[in-house]
Amino acid sequence: MADMTTALGATRLPNPVMTASGCAANGKELHRFFPVSDLGAFTTKTVMRDPRSGRPTPRMAETDSGMLNSIGLQGPGIETFCVDDLPWLATQGARVLVSVAGGTAEEFGEVVDRLVTSPGWPAVVGVEANISCPNVANRGLVFACDPVSSERVVRIVRGRVPAGTPVFAKLTPDVTDVVAIASAALGAGATGLTMINTLLGVVVDTDRLRPRLAGVTGGLSGPAILPVAVRAVWQVTAAMRAGLLPRAPVIGVGGVRTGADALQLVAAGASAVQVGTATFNDPSAPRRVLAELEAEIDRHGFDRFADVVGIAHERTAAP
Ligand code: SIN
């Protein structure tokens, strides 16, 4: 079997498959299907400073090859997370990527300030700054739509976590130039990037002739967005290879259902892959995708996962 280890900055993980934020709560539900410590990392549901009930229902709508959600960052808030959820994940031996968000850049900092004092902090292998949730009433709060806002949030998060803790900025593809946003995030001290968050969409109920979601808009996820995720990973890692961006690890996410899907993101340049929406109809999907990705890498005759990262760029350049 190939060596599946991967690196997120200075942190090494035993394998490159993670959950995607928001699709497996904080681990207890998924742990009924497989040990969460089997994964390279467990990415938490985005945690904010205060408890939130989220947007009004209905807030899920199925689409062809995907779904829209307009959850609105529902959650118990950072206090409960630090006291209950993170210590539980640490007890299970999980490596934890904590997804954080705030209504303002400063609120991101407040969340991180509390996070680092949790007894579960030693299990944290990185912080993912969710600057791209589409489910906010004011599009101005989708920080990742604007390089200056992205830079401000990442600088605050970077400044509040201990040196050496990887910080990943989660980006949206709903921008004209994702490379410009990536540049702002890396320039502000992000260790790496997570791409992509959901795409903003609307579904109209053709019986009632009104939007299916109470919040009107929602984030599109599922197989429909895999090519968009591969494109974003490709564009940003191509810019890194061309010397237009500093080299940095990328976590690919969006529409992964199988090991072959994960392999697309890896060959396009991702050093790790998150599995999200697939978990809703197959809770074992992250563990299965890991096994399938290992099989794919063996099938291609590679000894090391790391040798496959970005290989499609090399093969594109080859005659
Ligand atoms: C949500 O809670 O609205 C989803 C989170 C996200 O898309 O970032």
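Modeller: Across from glutamate 62 stands methionine 67 in β6. The model is predicted: local features need pLDDT of at least 70, side-chain atom pairs 80 or more, while totals for chains, interfaces and linings use all residues. Numbering starts from 1 along each chain, and side-chain values use heavy atoms, without hydrogens or water.

Colleague: What makes β5 and β6 a pair?

Modeller: Four antiparallel bridges join β5 to β6 (66-69). Pairing takes at least two DSSP bridges, so β5 and β6 qualify. Strands are DSSP E runs of at least two residues; helices are H or I runs of at least four.

Colleague: Where does β5 sit in its sheet?

Modeller: The order is β5-β6-β14-β11, open and antiparallel. β5 (60-63) and β11 (199-202) are the edges, each pairing on one side only.

Colleague: Why is valine 202 called partly exposed?

Modeller: Its relative accessible area is 47%. Buried means under 20% and exposed over 50% (1.4 Å probe, protein chains only), so valine 202 falls in between. Valine 202 lies in β11.

Colleague: What makes β3 and β4 edge strands?

Modeller: β3 (17-19) and β4 (42-43) each have a single partner strand, so one side of each lacks a neighbour in the sheet. That open sheet has eight strands, paired parallel: β3-β16-β15-β10-β9-β8-β7-β4.

Colleague: How do you know that β10 pairs with β15?

Modeller: Three bridges join β10 (192-195) to β15 (250-253), running parallel. Threonine 194 has isoleucine 251 as its bridge partner in β15.
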